[in-house]
Amino acid sequence: MLRIENLKVNYGGIEAVKGISFEVPERSIVTLIGANGAGKSSTLRTIAGLVKAREGHIYFDDEDISSMPARKRVEKGITLCPEGRRVFPDMTVLENIRIGAYLRKDDLTKDIQAVYKLFPRLEERHWQLAGTLSGGEQQMLAVARGLMSSPRIMMLDEPSLGLAPIVVQEIFGTIRRINQERGTTILLIEQNANMALKIASHAYVMETGRIVMSGSGSELLENEEIRAAYLGKRKH
Amino acid sequence: MDQSFHAMGERRRNIVLSLCLAGLLLACCGYLQANKYEYNYAISIIERSLIYAVVAVSMNLVNGFTGLFSLGQAGFMAIGAYVTAILTIPTANRPSVYYISGIHPWIENLHAPALLALILGGLAAAACAALIGIPVLRLKSDYLAIATLGFAEIIRALIAAPMMDRITNGSYGLKSIPGFSSIFQVLALAACSIGLMVLLINSSYGRMFKAIREDEIAAEAMGINLFRTKELSFVISSFFAGISGGMLAMFMRSIDSKTFQVSLTYDILLIVVIGGIGSVTGSVLGAFLVTAGREILRFFDEPFFLGGVQVPLFRPGFRMVIFSLLLMIVVLFYSKGLMGTNEFSWNSICRFFGRKERKKQEGRVPHDGAK
């Protein structure tokens with residue numbers, strides 16, 4: 001569904017992504033893991049169209065979308081939940097949700113009900129300003145807002161950032177549900193490699209702008225080097 | 001069910017209260033208008049406040065709701081004012097207005113009714129905004145402020161330039177502009193303009209503006225066209241700034257390029273900040289407080305005798321010291337302006353008084369739930 005070929009991105013004067021290629025099949029959960037500064041976020045931002053690629057191509061359904069503006073990509077069904085949640089703090093929860101669907105002209109009530117079903121907490125707080133929500137609730141709102149554009153592929157940039165372990169579990173559970181119930185393809189980047197690898201069907205490991213390893217989620221979970229580098233477990 | 005019934009009752013109460021308030025204000029204006037020779041001064045303060053309210057709300061649309069720090073308001077007002085003035089000065093009076101350099105043949109017989117002239121003035125300001133928006137709106141925060149400020153000064157310099165003498169009458173300015181015949185004209189124009197802007201703010205466009213203000217990156221990731229949305233906000237704001245400039249020209253009846261100096265923009269900015277950045281009712285309130293405050297404080301400028309001794313501080317200019325002190329106090333204690341980002345609503349007022357009522361009634365059996 002999504003194919004990246006030899007993507008190079010410059011970000012803030014340095015070459016953040018140094019020519020990576022990978023694929024995201026339809027209805028799968030794919031994760032990119034790696035340390036800080038590996039170029040994960042830059043990759044997602046480039047796919048979303050927020051940053052221009054220096055070289056390489058992005059194909060969505062075999063169509064080259066490398067030079068499309070961000071809003072056209074949203075229309076095609078690519079949505080990014082940016083890092084650090086980035087909800088609109090001085091707008092109400094409901095307004096935030098509505099903004100997510102701003103490119104759509106059809107009736108939204110059904111979709112709003114659907115995301116409320118996914119996150120009942122948001123329905124309780126629909127009148128509250130988003131800035132007053134807890135971190136976990138803001139992350140839920142960011143996901144709900146992303147879902148409102150009825151994406152075919154949803155990209156999540158570190159959804160576990162700064163959240164309590166129990167909340168992280170909840171969020172990952174929901175991500176899996178979205179994938180299974182709606183058939184939305186998920187491209188997830190995470191520093192919390194353990195969680196990400198557990199739900200991913202396929203995973204890529206990034207290091208300083210390059211993909212250094214790939215495999216299925218369970219394969220990488222077993223891999224000695226990955227365990228040592230990202231999961232904090234010693235080699236036996 | 002009970003709740004929705006309650007909400008409906010609240011809405012009906014709000015409509016009744018709003019109509020009462022509007023009726024009361026109209027009656028007050030009617031009274032002032034009927035005795036207009038007696039209340040000349042009050043009428044002029046109200047008219048000026050209304051005009052400032054329009055431009056303050058327009059500035060709030062860009063600065064408060066879209067989060068673009070623009071300081072070009074005086075420039076757009078100048079465009080609106082000059083277009084309105086040139087189109088409405090009676091043809092018979094034109095030779096006496098342009099007595100120095102003569103009038104340009106293009107505009108010699110160009111005349112339009114006041115309302116049309118105001119709208120054309122707004123459109124001219126909007127067109128200029130659309131043009132300069134293309135390069136300028138790519139800038140952020142302070143840089144945008146400096147660029148728009150510079151633009152406003154360029155407009156002013158162009159108006160005063162000798163080459164424009166036969167159109168704008170250069171530094172002599174324009175006079176004999178027909179004024180408003182009653183306070184209701186100003187009131188209607190201001191109400192229409194502010195009403196249209198409120199409709200815009202509450203529409204899905206308003207949500208887009210706010211999203212850009214809160215987080216540009218997230219807004220872009222949601223598929224909002226940043227540039228087009230910013231340009232839209234900027235152009236609409238400038239349209240209403242142009243309208244209010246035209247109204248100011250009709251109110252003052254004579255204008256020159258000095259009317260639209262940077263200090264005018266600062267005055268408007270002051271109103272927006274005092275009222276609350278991101279609050280329409282705040283801007284309207286601010287316009288009245290700032291305009292009226294300046295006038296009411298005038299007694300500080302007059303000599304003041306206490307027990308036969310003249311207090312030395314009371315001399316022309318002293319009121320501005322007091323005025324500035326008051327502003328500082330407001331900003332210190334209401335750092336988000338008087339209204340913050342809230343809007344005036346009957347519900348919040350009723351809640352405020354309701355709390356006091358409930359305290360009085362504590363201990364009694366609540367009977368409104370039983371019905």
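Modeller: Begin with a definition: two strands pair if DSSP finds at least two bridges between them. Helices (H or I, at least four residues) and strands (E, at least two) are DSSP runs, numbered from the N terminus. This is a predicted model, where local features need pLDDT of at least 70 and side-chain atom pairs pLDDT 80 or more, while totals for chains, interfaces and linings use all residues. Residues are numbered from 1 along each chain as its sequence is written, chains are lettered from A and ligands numbered from 1 in the order in which they are written, and side-chain values use heavy atoms, without hydrogens or water.

Colleague: Which residue in S8(A) is the bridge partner of Leu156(A)?

Modeller: Look at strand S7 (residues 153-157) of chain A, which pairs with S8(A) in the parallel sense over five bridges. In S8(A), the partner of Leu156(A) is Leu188(A).

Colleague: Which strand of chain A does S8(A) run parallel to, joined by five bridges, with residues 29-34?

Modeller: Take one facing pair: Ile33(A) stands opposite Glu190(A) in S8(A). Five bridges make the parallel join, and the strand with residues 29-34 is S3(A).

Colleague: Are the residues of strand S8(A) buried or exposed?

Modeller: Buried means under 20% relative accessible area, exposed over 50%, partly exposed in between (1.4 Å probe, protein chains only). Thr185(A), Leu187(A) and Ile189(A) point one way, and Ile186(A), Leu188(A) and Glu190(A) the other. Strand S8 (residues 185-190) of chain A is mostly covered, and six of its six residues are buried.

Colleague: Which strands are at the edges of the sheet in chain A?

Modeller: Six strands form an open sheet with mixed pairing, in the order S6-S7-S8-S3-S9-S10 of chain A. An edge strand here pairs on one side only; these are S6 (78-81) and S10 (210-215) of chain A.

Colleague: Which residue in S7(A) does Leu80(A) stand opposite?

Modeller: S6(A) and S7(A) pair in the parallel sense over four bridges. Opposite Leu80(A) stands Met155(A).

Colleague: How many residues apart are Arg3(A) and Asp62(A)?

Modeller: A salt bridge is a side-chain nitrogen of Lys or Arg within 4 Å of a carboxyl oxygen of Asp or Glu. Arg3(A) and Asp62(A) form one, with their closest N and O atoms 3.0 Å apart. Arg3(A) lies in strand S1 (residues 2-11) of chain A and Asp62(A) in the loop between strands S4 (55-60) and S5 (63-64), so distant parts of the chain are linked, and the separation is 59 residues.

Colleague: Why does Lys40(A) count as buried?

Modeller: The side chain of Lys40(A) meets that of Glu158(A) in a salt bridge (3.6 Å, N to O). The two are 118 residues apart, with Lys40(A) in helix H1 (residues 40-48) of chain A. Glu158(A) is buried too, at 5%. Lys40(A) counts as buried because its relative accessible area is 4%.

Colleague: How many residues apart in sequence are Lys230(B) and Glu216(B)?

Modeller: Their side chains meet in a salt bridge (3.0 Å, N to O). Lys230(B) lies in helix H12 (residues 226-252) and Glu216(B) in helix H11 (residues 216-221) of chain B, so the pair ties together parts whose separation in sequence is 14 residues.

Colleague: How many salt bridges does a search of the whole structure find?

Modeller: Some share partners: Arg121(A), Arg125(A), Glu137(A) and Glu170(A) are joined into one network. Over all chains, the search gives 20.
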